[in-house]
Amino acid sequence: MIFYGSNSSQLKSKLTRQIPCANCNESAKFNVEVYGKYAHLYWIPIFPIGKTGGAVCTNCNTVFEPKQMDHNLKLEYQNVKEEAKTPIKHFSALFLIVLIIGGLAFSSFLDNKNSEKYIANPMVNDLYEFKTEANYYSTMKISTISDSIYFRFNEYETNKKSGISEIDIPKNYKEQEYGYTTKELQGLFKDNIIYEVKRN
């Protein structure tokens, strides 16, 4: 269940000069308040969606919305509204999303660099994750290294990368070995057929 909606928080409050009140007909100061509206997801602000507010006569406590204000009061309200700055916290979720995307991109970059290093210097039990010809995903594990690198293949495939952990169990690997040269492995990695190499 996704909780989303809109909310607001006070940005600025300021007393005006003496202005005639349309309700009590007395010259009084008005307390002008401006609120920043924002969209939220799980109560975390995502982005601002405008400003709103009103003014309260300090003499009769009548509340005036912008559309009820006369020219002089609306002018004071607009001045306060322009002074009210949207706080950074109203962009909280956007900052979090940017940080998460940046973190994932950096993690992917590191994984790619590690994979390049592991292919250039293979070790027994290195796990290679690859894409099959039928666009499924599977694994192969280095069993022997001599002039070539020999692998045992996983007998199972999965339709998504996240399912690799479910099929990567010892009993799923065939006894038969298949060999590659380092150059062949590097070519498969360059073509994104092998997309990640893991080392324990």
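Predicted model: local features only at pLDDT ≥ 70, side-chain atom pairs only at ≥ 80, totals over all residues.

User: What makes S8 and S9 a pair of strands?

Analyst: Two strands pair if DSSP finds at least two bridges between them. Strand S8 (residues 137-145) and strand S9 (residues 149-154) are joined by 5 bridges, so they pair under that rule. They run antiparallel. Strands themselves are DSSP runs (E, at least two residues), as helices are (H or I, at least four), and numbering starts at the N terminus.

User: Which strands make up the sheet with S8 and S9, and in what order?

Analyst: The order is S10-S9-S8-S7-S11, an open sheet of 5 strands with antiparallel pairing.

User: Why are S10 and S11 called edge strands?

Analyst: Strand S10 (173-180) and strand S11 (194-198) each have a single partner strand, so one side of each has no neighbour in the sheet. From one strand to the next, the twist averages 30°.

User: How do you know that helix H2 packs on this sheet?

Analyst: Helix H2 (residues 92-120) touches strand S7 (127-131) and S11. Contact means heavy atoms within 4.5 Å. The direction of H2 makes about 80° with that of S11. Such angles run from 0 to 180 degrees between N-to-C directions, with axes fitted to C-alpha atoms, for helices over the stretch in contact. Helix H4 (residues 182-190) lies across S7, S8, S9, S10 and S11, at about 100° to S10.

User: What is the order of the sheet of 4 strands?

Analyst: That open sheet runs S1-S4-S5-S6, and the pairing is antiparallel. Strand S1 (4-15) and strand S6 (63-64) stand at the edges, because each has a single partner strand. Helix H1 (residues 71-83) packs on this sheet, touching S1, S4, S5 and S6.

User: How many bridges pair S5 with S6?

Analyst: The pairing spans 2 bridges, in the antiparallel sense. Val56 stands opposite Val63 in S6.

User: What makes Lys12 and Glu83 a salt bridge?

Analyst: A salt bridge needs a side-chain nitrogen of Lys or Arg within 4 Å of a carboxyl oxygen of Asp or Glu. Lys12 and Glu83 meet at 3.9 Å, N to O, so the pair qualifies. Lys12 lies in strand S1 and Glu83 in helix H1, 71 residues apart. Lys12, Lys14 and Glu83 are linked in a network of salt bridges. By this rule the count comes to 7 salt bridges.

User: Why does Tyr42 count as partly exposed?

Analyst: Tyr42 has 40% relative accessibility, so it counts as partly exposed. Tyr42 is found in the loop between strand S4 (30-41) and strand S5 (44-57).

Terms used. Residues numbered from 1 in each chain as written. Heavy atoms only, no water. Buried < 20%, exposed > 50% of the residue type's maximum accessible area, 1.4 Å probe, protein only.
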